[in-house]
Amino acid sequence: MANTNTQALKGKRVAILMTDGVEQVEYTGPRSFLEQQGAQVTLVSPKPTGDEIQGFDHLTPDQKFKVELDVRDARPADFDALVLPGGVANPDQLRLSMEAITFIREFGREDKPIAAICHGPWTLIDADLVDGKRVTSWPTLQLDLQNAGAQWTDEQVVVDGRLVTSRKPDDIPAFNQAILSELQSQTKH
């Protein structure tokens with residue numbers, strides 16, 4: 001079932017929106033998978049292009065990643081999908097960036113795939129994209145998501161419309177496959 005090293009997503013452009021405190025495997029895992037499928041992936045952040053983002057392995061600082069595009073210069077029209085990695089601090093900081101929340105909200109308005117994992121769905125609340133949606137996340141977000149009108153469930157991956165959500169790093173393979181399916185279904189529309 002897992003496609004590897006194909007060009008299934010050739011010509012597709014994916015934005016990954018994140019900042020300091022990202023759970024790095026939730027960035028590197030999907031990015032590597034999408035690039036293996038032929039997608040062009042861009043790291044977008046509220047930090048300026050060229051700045052570094054501090055990744056984490058749980059609570060331990062780990063790798064740094066260069067910002068490829070400042071969110072103030074990013075346009076949803078230039079991308080086919082958006083990925084929102086977790087880590088506690090990353091989405092918490094993104095929620096303070098009006099430009100980041102607007103960027104996420106516009107993906108929703110344009111009915112493009114948005115994939116959020118772990119604590120990533122926190123930002124979907126601020127972007128007004130969870131009311132009436134079936135979602136999953138890291139367990140501590142359950143009440144926040146329910147209070148925002150979402151129907152929360154404890155599953156590996158949940159797809160509701162163009163919204164893909166997942167719980168944790170262990171779910172990355174299922175998360176990746178769901179993103180692949182959403183991007184492939186775009187081609188068929």
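Leaving aside its neighbours within four places in sequence, which residues is F103 in contact with? In this predicted model, the residues that F103 touches beyond those neighbours are A15, L17, V44, V71, A74, R75, P76, F79 and L82.

F103 also belongs to the largest nonpolar core, a set of 28 residues in which L17, L82, F103, I104 and L124 have the most contacts. Two or more residues of this core come from each of strand 1 (13-17), strand 7 (81-84), helix 3 (98-109), strand 8 (114-117) and helix 4 (122-126), and helix 3 gives the largest share, 5 residues. Apart from this core lies another, of 26 residues, which includes L43, V83, A115 and A178. In soluble globular proteins, nonpolar side chains tend to be buried together.

In one of them K47 pairs with D20, with the closest N and O atoms 2.9 Å apart; K47 sits in the loop between strand 3 (40-45) and strand 4 (52-57), while D20 sits in the loop between strand 1 and strand 2 (22-23), so that the pair links distant parts of the chain, 27 residues apart. K47 counts as buried because its relative accessibility, 19%, is under 20%, whereas D20, at 21%, is partly exposed.

Another salt bridge joins R31 and E35, again with 2.9 Å from N to O, and both residues lie in helix 1 (residues 25-36), 4 residues apart, or about one turn of the helix. R31 is buried at 13% relative accessibility, while E35 is partly exposed at 38%, and a network of salt bridges links R31, E35 and E68.

Definitions and conventions: Residues numbered from 1 in each chain as written. Predicted model: local features only at pLDDT ≥ 70, side-chain atom pairs only at ≥ 80, totals over all residues. Heavy atoms only, no water. Core = buried A, V, L, I, M, F, W, Y, C linked by side-chain atoms within 4.5 Å. Buried < 20%, exposed > 50% of the residue type's maximum accessible area, 1.4 Å probe, protein only. Contact = heavy atoms within 4.5 Å. Salt bridge = Lys/Arg side-chain N within 4 Å of Asp/Glu carboxyl O.
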